[in-house]
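Morning, everyone. I have one structure to walk through today. Please have a look at the sequence and the model before I start.

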Amino acid sequence: MSDAAARGRRDAGASSNALRVRVEGRVQGVGFRWFVEQRARALDLAGWVRNLDDGAVEVCAAGPADAVAALADALRLGPPQASVRAVVPLPARSADELLPH
C-alpha cells in the first residue's frame, strides 16, 4: 500500500468499506509496513501505510468488507518482531485519503 502496492488495486468506490487506524507499540523497524503491504496486496485492498514521527504507524485501506476486516485482524497481531499495543480508529477526512502518498 505504498505507491507501488496501491497501483492497480481495486477502486475504492461507494460499495467499499474503509479502515483508517493508528497502530501503536513496537511497530517501526520491525517490518510492520512490509507486513501490512503484503496482507493488503493479498486481500486486494487499496490504500497506504506510513510511519509517524512518534513511532506509530498509520494505515488507510479500502475494499470489500470481509477483506477490510481481515486486515484489521492482522493489524492487531502484526509480524513476529512487532509488539502491537493498540489499534486506534481514526476518522476518515475524505476519499482522497485512499490515494497513495
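First, a term. Buried means under 20% relative accessible area, exposed means over 50%, and partly exposed is in between, with a 1.4 Å probe and protein chains only. By that rule, buried residues make up 42% of the 101 residues in this chain.

Now the ground rules. This is a predicted model: local features need pLDDT of at least 70, side-chain atom pairs count only at pLDDT 80 or more, and totals for chains, interfaces and linings use all residues. Residues are numbered from 1 along each chain as its sequence is written, and side-chain values use heavy atoms, with hydrogens and water left out.

Let's start with the fold. The chain has 3 helices and 4 strands. Those are DSSP runs, numbered from the N terminus: helices are H or I with at least four residues, strands are E with at least two. From the N terminus on, the order reads α-β-α-β-β-α-β.

Next, the sheet. Two strands pair if DSSP finds at least two bridges between them. The 4 strands form an open sheet in the order β2-β3-β1-β4, with antiparallel pairing. β2 and β4 (83–89) stand at the edges with a single partner strand each, so one side of each has no neighbour in the sheet. On average, neighbouring strands are turned by 20 degrees against each other, direction ignored. Look at β2 and β3: they run antiparallel and are joined by 6 bridges. One example is A46, whose bridge partner in β3 is A62.

Helix α3 packs on it, touching β1, β3 and β4, and its direction makes about 5 degrees with that of β1. Helix α2 (residues 32–42) lies across β1, β2, β3 and β4, and runs at about 175 degrees to β2. For those angles, axes are lines fitted to C-alpha atoms, for helices over the stretch in contact, and angles run from 0 to 180 degrees between N-to-C directions.

Contact here means heavy atoms within 4.5 Å. Among contacts between residues at least 6 apart in sequence, 76% join residues at least 24 apart.

On to charges. Side chains of opposite charge can pair when their charged atoms come close. We call it a salt bridge when a side-chain nitrogen of Lys or Arg is within 4 Å of a carboxyl oxygen of Asp or Glu. The structure holds 6 of these salt bridges.

Which residues are linked in a network of salt bridges? They are R22, E24, D54 and R85. Take R22, which is found in strand β1. R22 forms a salt bridge with E24, with the closest N and O atoms 2.6 Å apart. Both of these residues are buried. R22 also forms a salt bridge with D54, where the closest N and O atoms are 2.3 Å apart. D54 lies in the loop between β2 (46–51) and β3 (57–63), and R22 in β1 (residues 17–26), so the pair ties together parts 32 residues apart in sequence. D54 counts as exposed, because its relative accessibility is 51%. Beyond four places in sequence, the residues in contact with R22 include L52, A56, V57 and V88.

One last pair. D73 and R76 meet in a salt bridge, 2.8 Å from N to O. They are 3 residues apart in helix α3 (residues 65–77), so about one helical turn separates them. D73 counts as partly exposed, because its relative accessibility is 48%.

That's my tour. Questions, please.
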